[in-house]
Amino acid sequence: MTETDMPRRSVGAVTILVPDYQEAIDYFVGTLGFALIEDRRLSEEKRWVLVSPGAGTCLLLAKADGERQTAAIGNQSGGRVFLFLTTDDFWHDYRTYMSRGVEFQEEPRHEEYGTVAVFTDKYGNQWDLIERASS
């Protein structure tokens, strides 16, 4: 099979564990400016909640179930940067997030690959806010 014969694939969603659906929706939509793509009740306790920054992969907000999942909230990547939020206007997003109380772990810096700063979400997960350098 050649590369042109390969199926086209993409990561459609990444699960992020949260303690409460509505609290997470309020944070990702209200604070980070994501769009609520879908909120469907699957059972009395479970919902299918997708949010998106505007393009690309969605986040599936999954309410933690049990001690093991609850313990993983905010530490899904073992303390490393977990997600990379790309933007075409770093300074606009950085200032907006700062004004909304988002906590950055460092001052913005310029790297060979772009302008970046690490922030921590409401639950403790670390993110890179990044504007990629022009090629």
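Reader: Exposed means over 50% relative accessible area, and buried means under 20%. With those cut-offs, is Thr4 buried or exposed?

Author: Thr4 has a relative accessible area of 74%, and because exposed means over 50%, Thr4 counts as exposed. Please keep in mind that this is a predicted model.

Reader: Where does Thr4 lie?

Author: Thr4 belongs to the segment before S1. From Thr4 to Leu60 the separation is 56 residues in sequence and 30 Å in space, C-alpha to C-alpha.

Reader: And what about Thr120: buried or exposed?

Author: Thr120 is buried, since its relative accessible area is 19% and the cut-off for buried is under 20%. Thr120 is part of strand S8.

Reader: Which residues does Thr120 touch?

Author: Leaving aside residues up to four places away in sequence, Thr120 touches Tyr27, Val102, Glu103, Gln105, Asn125 and Gln126. As for Gly74, 46 residues away along the chain, its C-alpha atom is separated from that of Thr120 by 8.9 Å.

Reader: Let me step back to the whole chain. How many helices and strands are there?

Author: The protein chain has 3 helices and 9 strands. Their order along the sequence is β-α-β-β-β-α-β-α-β-β-β-β.

Reader: What does the C-alpha trace span?

Author: Along its principal axes, the C-alpha trace spans about 50 × 50 × 25 Å. The chain has 135 residues, of which 37% are buried.

Reader: How many of the contacts join residues at least 24 apart?

Author: The share is 53%, taken among contacts between residues at least 6 apart in sequence.

Reader: Now the sheets. What is the strand order in the open sheet of 4 strands?

Author: The order in that open sheet is S1-S4-S3-S2, and the pairing is mixed. Strand S1 (13-18) and strand S2 (35-41) are the edges; each has a single partner strand, so one side of each has no neighbour in the sheet. From one strand to the next, the twist averages 25 degrees.

Reader: What holds paired strands together, in general?

Author: Strands of a sheet pair through backbone hydrogen bonds, and the pairing is either parallel or antiparallel.

Reader: Then how do S1 and S4 run, parallel or antiparallel?

Author: S1 and strand S4 (residues 58-63) run parallel and are joined by 6 bridges. Within this pair, Thr15 is opposite Leu60 of S4, and Val18 has Lys63 of S4 as its bridge partner.

Reader: What about S3 and S4: parallel or antiparallel?

Author: Strand S3 (residues 47-52) runs antiparallel to S4, with 3 bridges between them. Val51 is opposite Leu59 in S4. S3 and S4 form a hairpin with 5 residues between the strands, and Gly54 in this hairpin has a positive phi near 135 degrees.

Reader: Why is S4 described as largely enclosed by the rest of the structure?

Author: The reason is burial: 5 of the 6 residues of S4 are buried, so S4 is largely enclosed by the rest of the structure.

Reader: Back to S8, where Thr120 lies. How many of its residues are buried?

Author: In strand S8 (residues 114-120), 7 of the 7 residues are buried. Burial applies to both faces: Gly114, Val116, Val118 and Thr120 make up one side, while Thr115, Ala117 and Phe119 make up the other.

Reader: Which strand is joined to S8 by 7 bridges?

Author: That is strand S9 (residues 126-132), which runs antiparallel to S8. Val118 has Asp128 in S9 as its bridge partner. S8 and S9 form a hairpin with 5 residues between them, and Gly124 in the turn has a positive phi of about 105 degrees.

Reader: And how many bridges join S7 to S8?

Author: There are 3 bridges between strand S7 (residues 109-111) and S8, and the two run antiparallel. One of the paired positions is Arg109, whose bridge partner in S8 is Val116. S7 and S8 also form a hairpin, with 2 residues between them.

Reader: Finally, what is the bridge partner of Phe104 in S8?

Author: The bridge partner of Phe104 is Phe119. Strand S6 (residues 103-104) is joined to S8 by 2 bridges, and these strands run antiparallel.

Key
Residues numbered from 1 in each chain as written. Predicted model: local features only at pLDDT ≥ 70, side-chain atom pairs only at ≥ 80, totals over all residues. Heavy atoms only, no water. Buried < 20%, exposed > 50% of the residue type's maximum accessible area, 1.4 Å probe, protein only. Contact = heavy atoms within 4.5 Å. Pairing = 2+ DSSP bridges. Axes fitted to C-alpha atoms, helices over the stretch in contact; angles between N-to-C directions.
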